[in-house]
Each structure stands twice: as C-alpha cells, then as structure tokens.
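Try each task before reading its solution.

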Amino acid sequence: MKRYLKTIKLFWSTAFAAQLEYQLNFLIELLAMLGTLSGSIFILSLFFSDGRQLGDWSWEAALVIQGVYTFLDGLTNTLLRPNLTEIVNYVREGTLDYVLLKPIDSQFWLSIKKFSFAGIPEIILGLGIVFWSAIRTGINLSIYNTLAFFVSLFIGFVILYSIWFLIAASSIWFVKTWNATEVLRALLAAGRYPITAYPVILRFIFTLLLPVAFLTTFPAEAVLGELKFFIILFGLALSTFFFVLSRQFWIYALKHYTSASS
Amino acid sequence: MRLFGLSFKVIKTLFTTQYAYMLEYRVEIALWALSGVLPFIMFSLWSQNDVGNSFGLNDIGLARYFLSAFLVRQFSVVWVVFSFEEDSLSGRLSPYLLQPLHPLLRYVSAHLAEQATRLPFAIVITIFFFLFNPSSFWIPSLSQLFLAYLATHLAFSIAFLLQSLVASLCFWTEKSSALERLIFVPYLFLSGLLVPLSAFPEKVLMFANFTPFPYLINFPAKILSGMPVDLLNGFFYQILWITILLPSVNTLWKLGVRRYTAMGA
C-alpha cells in the first residue's frame with residue numbers, strides 16, 4: 001500500500017513538471033470550461049422559461065445537478081481521460097509489454113499514471129456550484145446529507161471509471177476503441193439533466209444499463225436530502241459489481257494479449 | 001477539366017483510395033455515427049417536458065428538427081485538426097508537402113470519403129428514429145433535399161476552414177488540438193445542435209447570428225425539416241463566411257509552411 005502511494009506521488013509530480021511546459025493549456029482549458037458551463041446553464045434556463053419545471057426539479061435543484069456534472073467532468077479531465085484513452089495506444093504500439101513487465105499492478109499503473117492539473121479548477125467550481133445552489137434551495141445542509149453526497153459521488157465515480165476501463169480494456173481485441181469511448185461520453189452528457197426529465201424508457205436505461213442516474217441525479221438528491229437510503233446501498237452494490245467486473249475483465253483480457261507485431 | 005488546379009484523374013484517385021481506406025474501418029465509422037446521438041437525447045428532453053410550444057414547434061416539428069440536426073452534423077463533422085496534428089508531429093507531413101498536391105486537399109478528400117462511408121449508418125439510425133417516432137415520418141421534397149444538401153456542404157466547408165485555421169497553428173505550437181476546444185464550445189451551444197435557435201432570447205440570437213455557428217447546423221436542419229427559413233439570408237451568410245475564411249486559411253498556411261522545420265528531422 002505504501003509503495004503504491006509513493007508511486008502515485010512520483011507519477012503526479014513528474015506529470016506536474018511535464019505540464020508546466022504547456023502553461024497556455026491551463027488558460028485554454030479554463031476558458032473552455034467557463035464557456036461550457038455558461039452554455040449549459042443557458043440551455044438549462046430555456047427549460048425553465050415560462051415558469052416551467054424540469055421533471056419536478058426546481059431551478060436551484062437542477063443547478064445542483066449541473067454542479068455534480070461539472071465536478072465529475074473535472075475529475076474525468078484530470079484522471080480518466082488522460083489515462084484511459086492511452087490504453088488503446090499502448091496496445092496498438094505494443095508498449096503495453098513494458099507496462100506488464102513492471103513490478104506493479106498493471107491496472108493501477110494504467111489508471112493512475114497521468115494527472116492533468118488543468119482539470120482541477122473544474123472540480124473546485126463544480127463543488128462550489130453544488131453547495132451554493134443546495135443552500136439556495138432553502139434546505140439546511142446536515143452532516144448526514146453531506147456525507148451521503150460524498151458517498152454517492154464516490155459511487156458515481158467508481159461506476160464511471162469501471163465502465164470506461166471496461167471499454168478501454170476491450171481494445172486488447174479490437175485495438176481501435178477510442179471512438180467507443182466517444183459514444184460513452186456522448187451518452188454521459190445525458191447526466192447534465194435530472195433523470196426524471198427523461199421519457200420512461202430512457203429513465204430505465206439510464207438507471208440500470210448505463211447508470212447515468214448514479215453519476216449525477218442521485219448525488220444531487222443526496223445533498224438535497226431526498227435520496228432514499230436503499231439507493232445508496234444499491235449504488236454501493238452496483239459500483240462494487242462494476243469495479244469487480246472491470247478487474248476480472250482486465251485479467252481475462254490480458255490472457256488474450258498477444259503484443260503488437262509478434 | 002480541372003478543379004482547384006487538380007485534374008479529374010487526380011481527384012478520382014484521391015477519392016477511391018480514401019474511400020477504400022475508410023471502408024476498411026466500417027465499425028469505427030459506425031461508432032462515430034453513433035457518437036452523434038446528442039440531438040436525440042436533447043429531443044427526448046424537450047419533448048418530454050413540453051417545451052416545444054415555446055419555440056413555436058409541436059412535437060412532430062421538434063422530432064423532425066432534431067433528426068435533421070443529427071443528419072446535418074453527420075455530414076458536416078470535421079476532424080482535420082486531429083489528423084493534421086498527428087501527421088505533423090510524427091513527421092508524415094514532410095512527404096505530403098513535397099507532393100504537388102496541397103496537403104489540405106488530401107484531408108478534404110478523406111472527409112468526403114468518410115461521409116460516403118457514413119451514409120448507410122446514418123440511414124439505419126434514421127430508420128430506427130422513425131420506428132420509435134412513427135408520427136414524425138416525412139419525406140422532404142426534391143427541392144428541399146437539394147437545398148439542404150447544398151447548405152450542409154457549405155456548412156461542412158465553413159467547419160473545415162475554421163478547423164484548418166486552428167490546424168495551421170500546428171506550425172507554431174505542438175498542441176493546437178487543444179485550441180480546437182475553443183471553437184467546439186461555442187459551436188456546441190450556438191449551432192442549434194442542442195436546441196433550435198428560435199428558442200433563444202432575442203439578444204442571444206442576435207449575437208449568435210454574428211458568428212458562423214448557426215449556419216453550421218441550424219440553417220441546413222431547418223431546410224431539411226421543412227421549417228420556414230430565410231433561404232437567401234442563410235446562403236448569403238454561408239458564402240460570406242467562406243469568402244472570409246478561405247483567404248485567411250491560405251495566408252496562415254503559407255506563413256506556417258515557411259516556419260516548418262519537420263518534426264524529428
């Protein structure tokens with residue numbers, strides 16, 4: 001365990017040094033993030049024109065969901081995207097060999113090696129929006145709600161990571177899968193809006209098949225104190241299931257890895 | 001007959017090779033086609049929440065608009081900056097520059113070949129859309145189809161030129177694809193991919209109309225879906241943007257090539 005923590009420290013400090021070379025990137029990311037956020041809030045406001053509501057969600061409550069989405073998007077940009085999109089390249093170029101030879105767990109190495117600091121402002125801003133809008137809805141933020149919020153955020157992140165890793169791991173067979181993750185990203189954009197705003201079929205799909213609801217709607221409900229306890233339990237079970245699945249799938253996939261050009 | 005200084009034979013060879021190349025990766029292209037589902041997600045939201053009326057659109061109109069937006073996007077998607085960055089960083093650009101063919105034209109032919117490969121997938125997705133929303137079925141008239149085709153092509157040209165402008169910056173910086181996000185974000189919100197622009201408040205709409213983005217999705221999609229649309233105004237702005245962008249890309253490209261030092265050489 002200690003060894004792994006030390007490795008993370010080394011990984012991220014070298015990542016930081018490498019990114020200092022591209023300082024302009026921070027600025028571009030920041031601008032893109034602010035543009036995306038204001039654009040999404042603008043689109044959201046169109047739903048609420050003429051005093052309507054969005055699937056029983058008030059304006060402030062819907063903003064909480066935007067906050068959760070922004071937070072997860074930031075986490076995606078710092079950790080998931082830089083790491084998991086590389087797996088395809090390792091497989092294609094055969095450099096996965098070197099990773100497998102290292103005396104450290106390969107899934108760990110592949111999932112944590114890179115760290116993009118440009119995503120950090122998005123994470124902070126996302127959390128800020130969540131708590132600011134939650135307080136504006138008039139609820140009092142109890143310790144229990146805050147705790148439930150962070151637990152369900154964790155559940156959401158684990159599910160997101162596992163699904164993404166599953167798709168990335170399938171590149172061992174298909175090699176070119178990075179556009180499969182594009183399909184995933186396109187579908188995840190559905191998480192910007194509360195799950196109850198969708199037609200019934202999509203609600204079902206987004207809860208059980210591709211659990212978008214666990215990524216944004218449920219954490220938002222948690223902070224607003226509306227999340228039922230059994231959903232947290234169900235989420236814990238579901239995220240464990242997805243994580244174990246990604247783990248087992250990776251072990252299975254490695255048995256089929258034949259390296260490039262050999 | 002020559003087009004852009006290319007003989008017919010060169011054009012034909014370019015297309016057939018690129019088309020053969022694209023056919024090799026059919027699954028990949030099917031997945032790209034699928035990754036354009038965003039308009040459908042937005043459609044399900046807008047129609048479920050009865051917002052359509054405030055745009056002056058009923059449910060059928062809304063369905064037709066978003067299907068058209070999806071189709072227009074399928075045939076105006078541009079990725080030149082990503083290919084170009086890769087070619088530039090890996091040094092593949094050097095032989096391209098030596099050939100008596102503008103490298104950008106090579107990418108144009110790749111894009112057009114990819115669009116041809118996408119066509120069957122787009123048709124399949126359209127059929128599925130109509131199966132789920134049978135009431136929205138419609139067949140546009142021939143003139144509508146032709147005008148929408150033309151507008152989509154012009155939209156593709158604008159998008160391609162915009163991205164080439166960013167791609168040309170590869171000559172100065174290694175990571176110009178990061179800059180592409182600064183185009184993509186306003187494109188996402190102002191093009192009409194997420195919502196018909198008629199839903200915008202007046203001031204935002206005025207601002208949007210000063211940018212090239214509404215002419216990339218909203219204008220062609222309106223023609224295809226049979227919504228009332230100011231054709232003259234739309235085509236005028238499309239052509240205006242092309243006449244602004246074409247010389248800019250040309251100039252930036254020439255300046256850039258002079259600086260080119262062949263990565264890794």
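Two residues are in contact if their C-beta atoms, placed from the backbone, lie within 7 Å. The model is predicted.

**Exercise 1. Helices α5(B) and α8(B)**

Find which residues of α5(B) meet which residues of α8(B). Then work out how the two helices are oriented.

Solution. 
- Start with the contact. From α5(B) come Val80(B), Val81(B) and Phe84(B). Their partners in α8(B) are Phe160(B), Gln163(B), Ser164(B), Val166(B) and Ala167(B).
- Sort these residues by type.
- Take the geometry. α5(B) spans residues 80–89, and its axis lies 8 Å from that of α8(B), at an angle of about 30°.
- Apply the cut-off. Angles under 35 degrees count as roughly parallel, so α5(B) and α8(B) are roughly parallel to each other.
- α5(B) and α8(B) cross in a right-handed way.

**Exercise 2. Helices α8(B) and α12(B)**

Describe the crossing of α8(B) with α12(B), and say what kinds of residue make the contact.

Solution. 
- Locate the helices. α8(B) covers residues 142–168 and α12(B) covers residues 231–259.
- Read the geometry. Their axes come within 9 Å and cross at roughly 25°. The pair α8(B) and α12(B) is therefore roughly parallel.
- List some of the contact. α8(B) brings residues including Leu147(B), Ala151(B), Leu154(B) and Ser168(B). α12(B) brings residues including Leu231(B), Gly234(B), Trp241(B) and Trp253(B).
- Sort by type. The contact of α8(B) with α12(B) has 16 nonpolar and 7 polar residues, and no charged ones.

**Exercise 3. Helices α3(A) and α6(A)**

Are α3(A) and α6(A) roughly parallel or roughly antiparallel?

Solution. 
- Take the angle. α3(A), residues 59–93, packs against α6(A), residues 120–136, at about 165°. The axes are 7 Å apart.
- Apply the cut-off. Angles over 145 degrees count as roughly antiparallel, so α3(A) and α6(A) are roughly antiparallel.
- The crossing of α3(A) and α6(A) is left-handed.
- Sort by type. The contact of α3(A) with α6(A) divides into 12 nonpolar, 8 polar and 4 charged residues.

**Exercise 4. Where the chains meet**

Which helix supplies the largest share of the side of chain A that touches chain B?

Solution. 
- Count the contact. It joins 31 residues of chain A to 27 residues of chain B.
- Name the helices. α2 (23–47) and α9 (178–188) of chain A each supply at least two residues of that side.
- Pick the largest share. α2(A) supplies it, with 11 residues.
- Sort by type. The side of chain A that touches chain B has 20 nonpolar, 7 polar and 4 charged residues.

Notes. Residues are numbered from 1 along each chain as its sequence is written. Chains are lettered from A and ligands numbered from 1 in the order in which they are written. This is a predicted model: local features need pLDDT of at least 70, side-chain atom pairs count only at pLDDT 80 or more; totals for chains, interfaces and linings use all residues. Axes are lines fitted to C-alpha atoms, for helices over the stretch in contact, and angles run from 0 to 180 degrees between N-to-C directions. Helices (H or I, at least four residues) and strands (E, at least two) are DSSP runs, numbered from the N terminus. Angles under 35 degrees count as roughly parallel, over 145 as roughly antiparallel, 65 to 115 as roughly perpendicular and the rest as oblique. Ala, Val, Leu, Ile, Met, Phe, Trp, Tyr, Cys and Pro count as nonpolar, Asp, Glu, Lys and Arg as charged, and the others, Gly among them, as polar. A crossing is left-handed if the near helix is turned anticlockwise from the far one by less than a right angle, and right-handed if clockwise.
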